[in-house]
Amino acid sequence: MTTSNPGMPVTTEGKKPPAGPRKLTKAEIRATETKTKLTSPWATGIAIVMAILWTVPTLGLAITSIRPQASIQSSGWWTWFTNPEFTLANYDQVLTGSSTAFATYFVNTLVITVPAVVIPITIALLAAYAFAWIEFRGRDLLFVAVFALQIVPLQVTLIPLLSIYVDIGLAGSFWTVWLSHSIFALPLAIFMFHNFMKDIPRSLVEAARVDGAGHVRIFFRVLLPLLVPAVAAFTVFQFLWVWNDLLVALTFAGGSPNVAPLTVRLAELSGSRGQDWHLLSAGAFVALVVPVAIFLFGQRYFVRGLLAGGVKG
Amino acid sequence: MSPLSDIKTPGKADASRTDAAANPRKAPISISALAVGIFMILVFVGVVGLIAASFFNAVPEITWPSFLVDADNAAQKLTLMVFVVALFVVVMALLLFMVDSRKRVPNWTVAMAFVGPALAALLLGLIWPGTSTLIQSFFGRSPWYDSERSEFVGFDNFATLFTTSEFQVVLRNTMIWVILVPIVAVALGLVYAVLIDRTRGEAVSKGLIFLPMAISLVGASIIWKFVYEYRAPARPQIGLANQILVWIGLEPYQFLINLPWNTIFLIVVMVWIQTGFAMTILSAAIKAIPDDIVEAARLDGVSGARMFRYVTIPSIRPALLVVWVTITMTTLKVFDIVRTMTGGNFQTSVVANEFYTQSFRQFNFGLGAALAVLLFVIVIPVVVYQVRQLRLSEDIR
């Protein structure tokens, strides 16, 4: 993310080779004018202070995670700069130690996340297509209903759903978490994909119809290729959501160590061994390394998704 | 909301369009498509039946193959994961393949294949549970469909929430969260977006603020719990916040325990996370302001703070509104921070956390349901306001 960022309109002036004398575009004029804005020392100061406030807490925990346990308890992490020490013992203990076993929970999180991303996106894509391009009775009413379901808070659904899982004998298995995440993601996903599909020119779809393509073929050949950015955006979105979720996991898998994800274990550790910062710091970084990587990797899609979901409605 | 208003129908002509057959009406109906339609109807019947059976406590004992429900080691779990994804893909592909016939395909079967799975899932996982919880909020501790123990209590649960001092603290805290987090996050995000707009290294500056969005709320809570860590004055501090207090000559402070400011220190964590979201959306909105407007204002001699107040703010009003509403709704439902940092002790609990405590610790289902319904009810005016404001701004345009 730090250097190349093709998705965002970042400052590229100055890197461009001078193309001889030419008229500057409006944007460039404005850019050079506002370029001077940050020379105000106050503005620079505020921006720098904010940037520091937003990074130092994470940095502190990162440094803590590589310091020996005894040092963590006897001195602050800022002393590391004058007295650098390095150990992987904390990570070793948190991943494989019998009382923490984060490696197991890491696998659980992964096993939870992949289907909980693939399933809702597929179902939502199909539904969004139906709402956008298939004519059927009651369609508009149904779409408004699905749209309205977005505002139902998760909390409302947990207990009845749990009781259904218990009744059909799925309680404490991965299925509960998969199904719940898939269902909860649907309203927003359908709404987002519907917005994207509506933006596709009618003439494209009509042309395919005239060529004799049915809905299935139109969906796969015409719409899906155009929707790749939208799908990427929602994939990043849903991945971060599921990986980082605590409430759903705690409700449906909290009691079964075979299924519980990292977040549940981390919250538990924070409650039961709140002073063991060598474990908590390393554990927190084990939990956040994958979402941060996905985030950096997919940031431009993520931002695009936020803008589409946010600004449109 | 624009997408709702423009779902005008593309005309009746596309019913049962499958192939460029000369006379599609005469073509025989595709059997496989009919099968899909019937299958989806059966799925709906199954979902409704399951709900009813669950309601009457009459769900038959189902023995699932053990590899489906008891994955013990990493290999079994990963195999199960691959199996489930593959199974899902195969089923969906089969459904679509079967309605994609060269014969005449009734329109309703296609619609069912596309929209049916989503509707069945929403019925099972959102509509029924939502309704059940709504009913439960008018009943006592026991499940409302338990005919022997359930008791109808009317609005008693809600009365308890609003009149007991314990819950009044919870409601007060929730109000503080819902008011403070959006205001502070939007203000900071806006200031930062304006300050770094079109500066060198903008992407990096943005990334620094935005990164907390990728961290789980539990992770963020642990990061900040470490910042707030307290040691008795005589010992060396290991939390940064208290070390700073010591450096400037003050006594260390129990940030998470001492009333009344501990709630504020929890709110800091949420602001830390949400500012990046506000900054991203607002930054994009600022870049989208038409140049003519800015230049016209500049020719009129407007600049600096007045430009910000009279040009920037009005131009990005819809984005501000969306960000504000989104953060409000997220904040309302957050319980991870409170649960991880204080467990709701020291008078820091909020509605979402109290819901969890009542439902899964106290097993008071009536009160838990009432809290969940309360969350839902608070959201409604916020959303209505947003929809009306967006309608308004669209009318003006």
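Is R198(B) buried or exposed? R198(B) is buried, as 20 other C-beta atoms lie within 10 Å; a residue counts as buried with 20 or more such atoms within 10 Å of its own, exposed with 12 or fewer, and partly exposed in between, with C-beta atoms placed from the backbone.

Welcome to this structure, which is a predicted model: local features need pLDDT of at least 70, side-chain atom pairs count only at pLDDT 80 or more, and totals for chains, interfaces and linings use all residues. Residues are numbered from 1 along each chain as its sequence is written, while chains are lettered from A and ligands numbered from 1 in the order in which they are written.

**Where the chains meet**

- Chain A brings 113 residues into contact with 117 residues of chain B (contact means C-beta atoms, placed from the backbone, within 7 Å).
- Helix α5 (residues 102–133) of chain A supplies the largest share of the side of chain A that touches chain B, 14 residues. Helices are DSSP runs of H or I with at least four residues, and strands are runs of E with at least two, numbered from the N terminus.
- That side of chain A holds 71 nonpolar, 31 polar and eleven charged residues. Here Ala, Val, Leu, Ile, Met, Phe, Trp, Tyr, Cys and Pro count as nonpolar, Asp, Glu, Lys and Arg as charged, and the others, Gly among them, as polar.

**Domains of chain A**

- Chain A has domain 1 (36–87) and domain 2 (102–312), with bounds from an automatic or database domain assignment.
- The C-alpha centres of the two domains are 34 Å apart, and each domain gives six residues to their contact.
- On the domain 1 side, α2(A) gives the most, with four residues.

**The largest nonpolar core**

- This core has 199 residues, and A124(A), A127(A), Y129(A), I190(A) and F193(A) touch the most other members. Such a core is a set of buried Ala, Val, Leu, Ile, Met, Phe, Trp, Tyr and Cys residues joined through C-beta atoms within 7 Å.
- Its largest share, 19 residues, comes from α5(A).
- Leaving out residues up to four places away in sequence, F193(A) touches A124(A), L125(A), A128(A), L227(A) and A230(A).

**Backbone details in chain B**

- Most residues other than glycine have a negative phi, and most peptide bonds are trans.
- R198(B) has a positive phi, near 55 degrees, and sits in the loop between α7 (165–196) and α8 (202–210) of chain B.
- F363(B) also has phi near 55 degrees, but F363(B) counts as exposed, with 11 C-beta neighbours inside 10 Å.
- The peptide bond from L259(B) to P260(B) is cis, with omega near -5 degrees.

Note on methods. Two residues are in contact if their C-beta atoms, placed from the backbone, lie within 7 Å.
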